[in-house]
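Thanks for coming, everyone. Please have the structure open while I talk. I will go from helix packing to the sheet, and then to some single residues.

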Amino acid sequence: MRKRQKLGQHLLRDPKILDRIVKASRITQGEVVFEIGTGEGHLTEKICKTANRVISVEVDQHFIEIAKIRLRNFKNLELIHGDGFKIERKFDVLVSNIPYSKSLILIEWLSSRQFKRGVVTVQKEFADKILAEPGLSNYRAISVLAQSRFTIQKLFEIEKKSFYPPPNVNSMVLLFKPKRAEPVQPQIVSALKTLFSFRGRLVSPAIKSILKNNERELKMMVDILEYTLLRKRIERLSVEEAFGIAKMLAGINNEK
């Protein structure tokens with residue numbers, strides 16, 4: 001169990017909280033649910049009783065064996081041993097209580113998918129980060145990515161004692177609803193990360209460093225961007241401003 005705790009795997013077994021998660025997901029009989037992180041199958045079992053079809057993926061072979069026994073009677077379940085981020089399936093609803101160490105990867109992966117809604121349990125500190133406002137110390141590239149792609153709502157907090165083994169902090173259940181018609185391309189995600197690696201610097205010198213070998217493209221960006229925007233610090237850019245700059249940078253890289 002020490003290895004799993006180190007990886008950020010904490011099992012949620014409280015039936016009342018599991019019921020709240022399923023209720024918050026608002027799953028209908030006609031919907032396909034994708035779950036990343038089957039664990040022992042406690043949440044999966046409740047989802048299977050509601051959804052038309054459930055696809056649940058677990059990377060840990062030990063948990064797969066446990067889940068197979070618990071969930072053996074559900075004909076609407078496809079249980080997969082593997083990496084959920086590499087499984088290509090169409091789905092309507094994502095439900096995930098994923099290891100904390102994978103939370104950032106989950107948001108990046110989710111931003112590239114088309115779906116109706118997602119209910120995700122994350123570390124409270126991480127929830128605060130993806131909802132952080134410009135200028136705050138925890139405002140990062142992942143904040144911009146999440147807020148530009150989704151409408152995000154805090155649903156309820158889960159105390160650490162509800163997990164086994166208990167994590168060091170409380171968790172937060174979040175509801176994600178896509179607000180952009182198109183998924184975010186990986187090139188934009190990469191450009192956002194590059195842009196925010198210059199936190200503390202102004203936009204103008206930051207893009208000069210990023211495009212130091214692309215003088216024509218640099219001049220084009222400087223001409224397009226307003227002076228007041230070029231004089232802003234990276235961490236004070238609004239979500240729309242940061243995403244717009246990242247999109248421009250991604251477009252330049254695609255043209256190479």
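**Helix packing and the sheet**

Let's start with two helices. Helix H7, residues 141-149, packs against helix H8, residues 186-196, at an angle of about 140°, and their axes are 8 Å apart. That makes H7 oblique to H8. The crossing of H7 past H8 is right-handed. Who makes the contact? On the H7 side we have Ala-141, Val-144 and Leu-145. On the H8 side we have Val-189, Leu-192, Lys-193 and Phe-196. Sort the residues of this contact of H7 with H8 and you get six nonpolar, no polar and one charged. A word on the spacing within a helix. An α-helix has 3.6 residues a turn, so residues three or four places apart point the same way.

One caution before I go on. This is a predicted model. Please keep that in mind for every value I quote.

Now the other partner of H7. The axes of helix H5, residues 103-110, and H7 come within 10 Å. They cross at roughly 40°. That makes H5 oblique to H7. What is the hand of the crossing of H5 and H7, left or right? The crossing of H5 and H7 is left-handed. Leu-104, Ile-107 and Glu-108 in H5 meet Ile-142, Leu-145 and Ala-146 in H7. The residues of this contact of H5 with H7 split into five nonpolar, no polar and one charged. Note Leu-145, please. Leu-145 takes part in the contact with H8, and Leu-145 also meets H5.

The buried residues include Ser-143, Gln-147, Ser-148 and Arg-149. Ala-141, Ile-142, Val-144, Leu-145 and Ala-146 of H7 are buried too.

H7 lies across S7 and strand S9, residues 171-178. H7 runs at about 110° to S7.

Ile-130 lies in helix H6, residues 124-130. Is Ile-130 buried or exposed? Ile-130 has a relative accessible area of 0%, so it is buried. Leaving out residues up to four places away in sequence, Ile-130 touches Ile-142, Ser-143, Ala-146, Gln-147, Leu-174 and Phe-176. Then there is Leu-145 again. Ile-130 and Leu-145 are 15 residues apart along the chain, and their C-alpha atoms are separated by 8.3 Å.

On to the sheet. Seven strands form an open sheet with mixed pairing. The order is S4-S3-S2-S5-S6-S9-S7. Which strands are at the edges? Strand S4 (77-81) and strand S7 (150-158) are the edge strands, and each pairs on one side only. On average, neighbouring strands of this sheet are turned by 20° against each other, direction ignored.

Let's look at one pair in this sheet. Strand S2, residues 32-36, and strand S3, residues 53-58, run parallel and are joined by five bridges. Val-32 stands opposite Arg-53 in S3. Glu-35 stands opposite Ser-56 in S3.

What about burial in this pair? Five of the five residues of S2 are buried, so S2 is largely enclosed by the rest of the structure. In S3, five of the six residues are buried, so to speak mostly covered. Here is the general rule for strands. In a regular strand the side chains alternate between the two faces of the sheet. Now look at S2. Val-32, Phe-34 and Ile-36 point one way. Val-33 and Glu-35 point the other way. All of them are buried, Glu-35 included.

Two backbone details to finish. First, Arg-26, in the loop between helix H2 (15-25) and S2. Arg-26 has a positive phi of about 50°, although it is not a glycine. At 64% relative accessibility, Arg-26 counts as exposed. Then there is Pro-165. Which loop holds Pro-165? Pro-165 sits in the loop between strand S8 (163-164) and S9. The peptide bond from Tyr-164 to Pro-165 is cis, with omega near -10°.

That's my tour. Happy to take comments.

Definitions and conventions:
Residues numbered from 1 in each chain as written. Predicted model: local features only at pLDDT ≥ 70, side-chain atom pairs only at ≥ 80, totals over all residues. Heavy atoms only, no water. Axes fitted to C-alpha atoms, helices over the stretch in contact; angles between N-to-C directions. Helix = DSSP H or I, 4+ residues; strand = E, 2+ residues; numbered from the N terminus. Parallel < 35°, antiparallel > 145°, perpendicular 65-115°, else oblique. Left-handed = near helix turned anticlockwise from the far one by under 90°. Contact = heavy atoms within 4.5 Å. Nonpolar A, V, L, I, M, F, W, Y, C, P; charged D, E, K, R; others polar. Pairing = 2+ DSSP bridges. Buried < 20%, exposed > 50% of the residue type's maximum accessible area, 1.4 Å probe, protein only.
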